[in-house]
Amino acid sequence: MNILFLCVGNSARSQIAEGLARDMLPSTFNIRSAGSNPEENVHKDAISVMADIGIDITNYKPKSIDSLDQEFINNLNFVITLCAEEVCPTTPPTTKAFHWPNEDPDNDGFNDLQSKNAFIKTRENIFNLLKKFIITEGIRSWLFINLRYSKLNGSSGWDRTNDQLINSQ
C-alpha cells in the first residue's frame with residue numbers, strides 16, 4: 001500500500017502525518033510525504049511534538065513531490081493533502097484522494113509556548129484523522145490505538161497478544 005501526504009512546505013503537517021502513519025500502520029506500507037514548495041528543514045516544533053510521544057522524525061527531510069520516484073507515484077493508493085489556507089499540490093487523477101485541511105502551525109507571530117501548542121493541536125488532529133482513515137478504508141491494523149498515545153489515555157500500552165489496552169492503574 002502506497003500512501004502520500006502532501007502540503008506546501010513539507011516541514012510540519014505532512015511530516016507529522018508521515019511519522020504518525022509510519023507508527024500506526026504496518027511496516028509493509030510505503031508511506032511518504034512531500035510538498036509543492038519544500039522548506040529547507042523540518043520545523044523544530046514538529047520534531048519536538050513527535051518526540052513527546054516517542055516518534056523520532058529528526059532524520060526526516062523536506063522534499064518536493066517532483067523528487068519522488070515514478071514507480072511510487074504510479075502505484076499510489078492514497079494521497080492525503082493537509083493544506084488549509086494555501087493552494088495544495090495537485091494529486092494524480094487515478095489515486096484515491098482525501099483533503100484534511102489543517103491550519104499551518106508555523107506562525108512567526110507565535111511565542112514559543114503558542115507555537116508548541118499549535119503543533120500539538122496539529123498532531124492531535126492528524127492522529128484523529130488517521131484513526132478515522134484506518135476505520136473507513138478498512139485498513140486492518142492492530143494499531144487502531146497508537147501505542148505512543150497510550151499515556152494520554154491513562155494506560156501503559158497495548159498488549160498485542162491479547163489485543164487490548166494494559167491499564168496502568
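Colleague: Does glutamate 18 count as buried or exposed, and at what relative accessibility?
Modeller: Keep in mind that this is a predicted model. Buried is anything under 20% relative accessible area. Glutamate 18 falls under that cut-off, so it counts as buried, at 4%.

Colleague: Which residue does glutamate 18 form a salt bridge with?
Modeller: The closest N and O atoms of the pair are 3.9 Å apart, and the cut-off is 4 Å. Glutamate 18 sits in helix H1 and its partner in the loop between H2 and helix H3 (70-74), so the pair ties together parts that are 45 residues apart in sequence. The partner is lysine 63.

Colleague: How does lysine 63 count, and at what relative accessibility?
Modeller: Partly exposed is the range between the buried limit of 20% and the exposed limit of 50%. Lysine 63 falls in that range, so it counts as partly exposed, at 23%.

Colleague: Which residues are linked in a network of salt bridges?
Modeller: By the rule used here, the count of salt bridges comes to seven. Lysine 63 and glutamate 18 form one of them. The network links Glu18, Lys63 and Arg22.

Colleague: In the salt bridge of lysine 44 and aspartate 45, what is the N to O value?
Modeller: Lysine 44 is at 55% relative accessibility and therefore exposed. Aspartate 45 is at 7%, so that one is buried. Their side chains meet, N to O, at 3.4 Å.

Colleague: And what is the N to O value for arginine 123 and glutamate 124?
Modeller: Here arginine 123 counts as buried, at 5% relative accessibility. Glutamate 124 counts as partly exposed, at 23%. Their side chains meet in a salt bridge with an N to O value of 2.7 Å.

Colleague: On to the nonpolar side: which element gives the most to the largest nonpolar core?
Modeller: That core has 31 residues, and Ile3, Phe5, Leu20, Leu130 and Phe133 have the most contacts inside it. Strand E1 (2-7), helix H1 (13-24), helix H2 (44-51), strand E3 (78-81) and helix H4 (112-136) each supply at least two of its residues. With six residues, the top contributor is H4.

Colleague: Which residues is phenylalanine 133 in contact with, leaving aside its neighbours within four places in sequence?
Modeller: Phe133 is one of the residues with the most contacts inside the largest core. With those sequence neighbours set aside, its contacts are Ile3, Phe78, Ile80, Phe98, Trp100 and Ile139.

Terms used: Residues numbered from 1 in each chain as written. Predicted model: local features only at pLDDT ≥ 70, side-chain atom pairs only at ≥ 80, totals over all residues. Heavy atoms only, no water. Core = buried A, V, L, I, M, F, W, Y, C linked by side-chain atoms within 4.5 Å. Buried < 20%, exposed > 50% of the residue type's maximum accessible area, 1.4 Å probe, protein only. Helix = DSSP H or I, 4+ residues; strand = E, 2+ residues; numbered from the N terminus. Contact = heavy atoms within 4.5 Å.
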